[in-house]
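Please read it with the model open.

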Amino acid sequence: MVLMDTPPLELSTKPQIIDYYVKTLERVFGSEKEAQMCIYDATCDTHFGFCCDIDEEKAHELAGIHGVLSVKPDPDFDSVEKDYIYSKVELNSQSSSSSRSALLFPAGTTKYWLVQMDRPAIGVIRKPQVVDYVVQVLMRVLGNEKDAQMCIYHISWQSNYGFCCELDEESARELAGVPGVLSVQPDENFGSDIKDYGGQNLKLPNPSENSSTSNLPTNIRTKKLFVTGLSFYTSEKTLRAAFEGFGELVEVKIIMDKISKRSKGYAFVEYTTEEAASAAFREMNGKIINGWMITVDVAKTNPPKFSRGRPRPAR
């Protein structure tokens with residue numbers, strides 16, 4: 001059940017408002033037809049909203065779209081009478097940023113930041129792809145996809161590229177060193193939807209004055225790498241093609257969920273030599289594959305588990 005803000009004034013008829021709902025859902029699916037097929041109820045009277053049949057991942061993405069007030073499970077799926085009266089938001093949206101970050105950082109330690117980005121290397125620029133891209137960027141700091149989604153409250157994707165998020169200052173400094181990030185500055189217009197992503201290109205001061213790439217070791221003592229941040233649609237063939245230019249590969253293995261048979265978003269890449277693995281480690285970290293920014297690390301015996309609220313690694 002999706003509760004919407006009041007539609008623009010020029011949308012006055014029921015067909016126009018329903019089309020507005022379809023366009024909102026289309027930003028998650030990328031297809032108008034799929035969006036139309038998923039909606040099974042709508043209201044245009046005292047309250048504005050609709051009900052749709054989507055998975056939880058898309059529901060979280062929908063909750064971050066401008067104009068969406070809340071996304072929550074439909075408590076009366078079998079009933080034709082729907083209660084669109086606003087209640088506690090069960091999936092986080094822009095209007096609940098303070099409660100979101102309270103789950104990740106100590107109370108009173110967060111600030112609102114405006115992040116300027118390079119143009120994403122993802123081919124055709126559409127909002128769903130940009131949303132995935134900025135989530136992957138923020139995952140480099142928070143280490144968890146859901147946590148990254150929770151902290152973002154605005155995204156720019158048409159002329160200038162960037163996003164706004166709620167983080168503590170330590171995380172903001174770390175974000176300033178992520179490849180593709182041009183600047184991290186305080187969001188001076190937090191209460192407004194009008195953001196200036198074309199301002200001065202000033203990085204948040206970083207005491208180390210070193211980028212994340214300059215701190216990478218030149219050589220590593222391993223033949224096996226651990227790759228995270230993969231799109232669920234990246235195949236082993238695609239991953240092999242991306243890594244085989246650095247040397248002969250022994251194995252490329254994407255880890256699949258045993259129940260859903262879907263990729264878990266991480267993989268192991270093994271080379272015949274340490275030199276090849278070292279070169280891939282240096283060059284592939286932060287690269288874009290299928291529109292998602294990947295992270296490359298040395299494979300450990302027990303790979304890290306990605307779960308909500310996972311503590312960030314100690315520096």
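1. Basis. This is a predicted model, in which local features need pLDDT of at least 70, side-chain atom pairs count only at pLDDT 80 or more, and totals for chains, interfaces and linings use all residues. Residues are numbered from 1 along each chain as its sequence is written, and side-chain values use heavy atoms, with hydrogens and water left out.

2. Overall make-up. The protein chain has nine helices and 14 strands. These are DSSP runs, numbered from the N terminus: helices are H or I with at least four residues, strands E with at least two.

3. Burial. Of the 315 residues in the protein chain, 45% are buried. Buried means under 20% relative accessible area, exposed over 50%, and partly exposed in between, with a 1.4 Å probe and protein chains only.

4. Contacts. Among contacts in the protein chain with a separation of 6 or more, 69% join residues 24 or more positions apart. A contact means heavy atoms within 4.5 Å.

5. Second largest cavity. Which residues line the second largest cavity? They are Arg-27, Glu-61, Ile-65, Lys-127, Pro-128 and Val-131. Helix 5 (residues 127-142) gives the largest share, three residues. A cavity is a set of points on a 1 Å grid over the protein atoms alone where a 1.4 Å probe fits but cannot get out; lining residues have an atom within 4 Å of a point.

6. Asp-19. This residue lies in helix 1 (residues 14-29). Asp-19 counts as partly exposed because its relative accessibility is 35%. Its C-alpha atom is 8.9 Å from that of Gln-36, 17 residues apart along the chain.

Terms used
On a 1 Å grid over the protein atoms alone, a cavity is a set of points where a 1.4 Å probe fits but cannot get out, and a pocket is an open set with protein on both sides within 12 Å along at least five of seven lines; lining residues have an atom within 4 Å of a point.
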